[in-house]
Amino acid sequence: MSSDPTDEYLERVKAEIRAEADAARLRKPLPRKALPGSSAGETVRNDGIDRGRLDYAIGELTGLQYAAFVDNAFRVLLKRPADEPGKDRQLRLLAVGASKAEVLGNLRYSSEGRRVGVRVRGLLPRYALAKLVHVPIIGYLLEWLLALAAVPLLLRHQRGADTQNAARFDDVAAQLMRRAEEQQALAARLDQVQRQIDETRAQFAARAEALEQRAATLELRTQALSDSIGDLPDLRHHILAVNHWSVSLQQSFAEIDDAATAGAERAQSLIAAMYGAPDALADREARGARWLAALQARASAPARVLDLGSGDGDWIARLGAHGYDAVGVESNKFLGARARERALTVVVDEPFTWLARCADEDLDVITCSGGLPRNDDALVDALAHLRRALKPGGWLMIDCIQTQPTGVLPEPRGDVARTSRAVAASGFSLDASASLADAVLAQRR
Amino acid sequence: MLLPGLAPYDAVSNDALGMTAALRTFGHDVVLFALHAKDIDEPVQPPETIERWIESPDDVVIYHYCTGWDFPLQLLRRLKARRVLRYHNITPPEFFEGWSAGYVAACADGRAQLDAYAAMQCELYLGDSPFNNRDFVERGADPARCAVLPPFHHVERLLAAQPDTRRLPDTDGAPTLLMVGRIAPSKNDFALIDALAACRETVDPRARLLRVGKLDPNLATYGIAMREHIRVRDVEHNVITLEDASGAELRAAYAAADALVMLSAHEGFCVPLIEAMALGTPIVSLGSSAIPWTLQGAGLVWDEADPHVIAASIARLRGDPDLRASLSDLGMERYRSAFAPAVLIEGLREAMARLDAVPA
């Protein structure tokens with residue numbers, strides 16, 4: 001005991017409290033309310049053992065058999081699940097013929113059973129008898145007496161057991177019949193399922209085969225593609241060769257262009273030299289004046305004049321300056337270009353080819369600055385078209401003399417006499433009154 | 001500071017955060033490591049990064065051991081730093097037999113690591129109570145490396161709270177038993193219900209129990225059995241359960257109670273006891289585990305949870321103002337001398353000094 005006054009005080013108080021508690025326990029035990037569905041206040045944990053119930057009749061505990069009986073006995077009498085060694089011990093007792101009362105008594109009157117204190121009405125005398133039959137000699141005699149006394153009961157039990165067994169046999173037979181029917185139904189179902197499986201398997205096999213074929217086709221195509229891809233180096237070589245050739249072609253075109261350009265430049269230079277030479281200019285000026293005078297006396301402006309072989313357009317420029325509606329046709333593109341640069345109306349074409357497309361009796365005057373064709377057949381055609389294109393009474397003037405003093409052109413255009421005879425034979429009336437030494441002047445009849 | 005998780009109102013979290021704050025006032029650099037943290041105003045690092053933080057063998061790792069967890073076991077084995085095992089105890093698995101296989105396994109796993117931690121010879125075993133330290137000493141830990149430091153707590157916040165009685169029953173003079181703590185088999189709620197029934201029979205039929213605490217859904221079978229037992233004892237209308245009581249409501253509950261009735265069969269320290277002591281609420285308790293040490297006589301402590309003894313204790317407290325005042329004074333004095341924040345801070349300082357004295 002502590003010497004602290006406070007501790008002494010508390011100990012004294014606690015002793016008084018204990019005394020009050022002891023008195024209250026006897027006077028007012030703890031309430032135990034009966035819950036719906038239970039015979040007394042139960043306290044059942046989740047293991048299903050009713051720890052609140054402590055009173056049973058023996059008949060409540062002997063209805064089960066074998067392991068279920070022993071398990072229930074542990075749960076009721078010891079309020080716990082059976083442990084394996086303990087359960088095994090009681091089962092072995094049953095197996096050697098011990099009564100259920102003996103097993104129940106073993107558990108109830110064990111030290112643990114006594115602590116739990118479950119009351120089982122009718123158990124004690126039966127347990128005592130069960131133990132008494134184990135006493136040598138007396139127990140044997142007693143067991144005989146009990147057995148003899150129990151014969152009517154045993155016979156009754158036997159008849160009852162026979163009836164129960166027969167009933168159970170009928171039940172079992174009925175169950176077996178039902179199981180057999182169920183099994184048949186299951187077997188039929190299994191067969192059906194098996195058939196479905198087989199069909200499905202066959203479908204899968206067919207699809208697998210189809211897939212294999214597709215795979216084989218794919219493989220072939222893949223191989224072909226691979227082969228094509230294998231040709232790629234050759235193709236590449238070809239492409240490179242073509243590319244090289246096209247580059248060379250481009251270079252050739254470029255050289256041609258260069259040559260053409262150079263040629264054109266040379267032609268330009270030549271033409272410039274030919275037409276720009278001072279003596280050539282003077283000569284052309286004089287001739288042009290003579291021709292203009294001759295024409296003005298016979299066809300007044302604004303007569304329509306076509307000049308075939310108009311060159312750089314000098315003659316039609318002169319005509320245009322004096323009010324004539326003059327058009328030129330020149331085969332040389334460079335000369336034609338020069339004439340167009342002077343804003344003259346010049347067609348670049350073969351002059352007598354172009355004449356053939358002219359309308360009939362459409363022109364007042366046709367001048368042939370470039371002369372007539374030398375070929376007889378062409379001459380005949382030319383003279384025919386000249387007459388056709390001129391209006392009746394229209395005038396024709398033909399240049400017969402080569403006028404380039406440098407002698408560059410290969411041949412002279414022809415002489416006056418020959419040209420005159422040809423013109424006169426083609427439906428024209430010659431007019432010598434103009435006294436043109438280098439040209440033929442005629443009127444269409 | 002290493003612990004499984006941090007959450008508000010959790011006793012282990014409160015202790016870890018309290019220690020962290022105190023250590024920082026000593027000038028230490030403290031970092032918290034936890035698997036999860038919720039509503040904590042403090043950076044918390046993942047545990048796997050803890051070794052990167054350790055730079056010197058003089059650094060200290062304080063592991064709050066309150067459950068089975070393999071990571072700290074392996075960590076402390078290989079760590080080149082000083083190790084402090086802060087032990088909050090783990091409930092023996094037997095308490096959960098028949099209620100939750102999960103709890104049985106978790107508690108068994110947790111307690112299975114005691115041998116390994118004891119064999120490790122950590123530099124310091126810092127238990128909440130001598131009862132806790134016994135677990136290591138019995139397994140071979142050097143007693144010289146064991147120290148006791150009660151857990152840091154939030155009782156001061158409770159003292160400062162304004163009582164909120166809105167969810168409490170009317171103050172009509174009926175006897176009021178109070179129990180604070182999670183609803184679990186180790187808390188001996190069946191005995192508490194029996195005590196309430198005895199109170200109704202012998203003291204006042206209006207006697208009621210204020211049960212402050214939550215039931216883990218994993219212990220649903222225990223909750224069902226408890227409700228069944230409440231019905232068997234015919235006290236269905238006399239049990240008021242407050243699951244998520246705020247500090248203000250808890251303050252009001254302590255004020256309304258005739259006594260905190262703590263019949264828990266296993267406690268490593270029992271924070272509700274120091275809450276009751278600080279607030280002057282008399283305590284009637286079972287003298288199990290660490291409870292006698294925590295109380296040191298500041299309550300009516302019994303060897304058995306006899307319902308009639310508990311009821312008689314309540315009756316005596318109601319009818320004896322001197323006893324009530326005496327127990328209230330003893331409780332407040334015990335709190336001031338052993339569990340006030342300043343005392344705990346000083347205790348931690350002494351523990352750190354002991355740690356420094358441990359040879360490498």
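In what order do the seven strands of the open sheet in chain A run? I started my notebook with that one, keeping in mind that this is a predicted model.

**Entry 1: the sheet.** I traced the strands across and got β5-β4-β3-β6-β7-β9-β8 in chain A, an open sheet with mixed pairing. Then I looked for the edges: they are β5 (346–348) and β8 (428–430) of chain A, and each pairs on one side only.

**Entry 2: one strand pair.** I picked β3 (residues 304–308) and β6 (residues 363–368) of chain A, which run parallel and are joined by four bridges. I looked up A:Leu308 and found its bridge partner in β6(A), namely A:Cys368.

**Entry 3: a helix on the sheet.** Next I went to helix α14 (residues 376–389) of chain A, which packs on the sheet and touches β6, β7 (390–399), β8 and β9 (439–444) of chain A. The direction of α14 makes about 135° with that of β7(A).

**Entry 4: two helices.** Last, I turned to α4 (residues 84–95) and α5 (residues 100–108) of chain A, whose axes come within 9 Å and cross at roughly 155°. Angles over 145 degrees count as roughly antiparallel, so α4(A) is roughly antiparallel to α5(A). The crossing is right-handed.

Which residues meet there, between α4(A) and α5(A)? From α4(A) I noted A:Gln90, A:Leu93 and A:Leu94, and from α5(A) A:Glu102, A:Val103 and A:Asn106. Sorted by class, this contact has three nonpolar, two polar and one charged residues.

Definitions and conventions: Residues are numbered from 1 along each chain as its sequence is written. Chains are lettered from A and ligands numbered from 1 in the order in which they are written. This is a predicted model: local features need pLDDT of at least 70, side-chain atom pairs count only at pLDDT 80 or more; totals for chains, interfaces and linings use all residues. Axes are lines fitted to C-alpha atoms, for helices over the stretch in contact, and angles run from 0 to 180 degrees between N-to-C directions. Angles under 35 degrees count as roughly parallel, over 145 as roughly antiparallel, 65 to 115 as roughly perpendicular and the rest as oblique. A crossing is left-handed if the near helix is turned anticlockwise from the far one by less than a right angle, and right-handed if clockwise. Two residues are in contact if their C-beta atoms, placed from the backbone, lie within 7 Å. Ala, Val, Leu, Ile, Met, Phe, Trp, Tyr, Cys and Pro count as nonpolar, Asp, Glu, Lys and Arg as charged, and the others, Gly among them, as polar. Two strands pair if DSSP finds at least two bridges between them.
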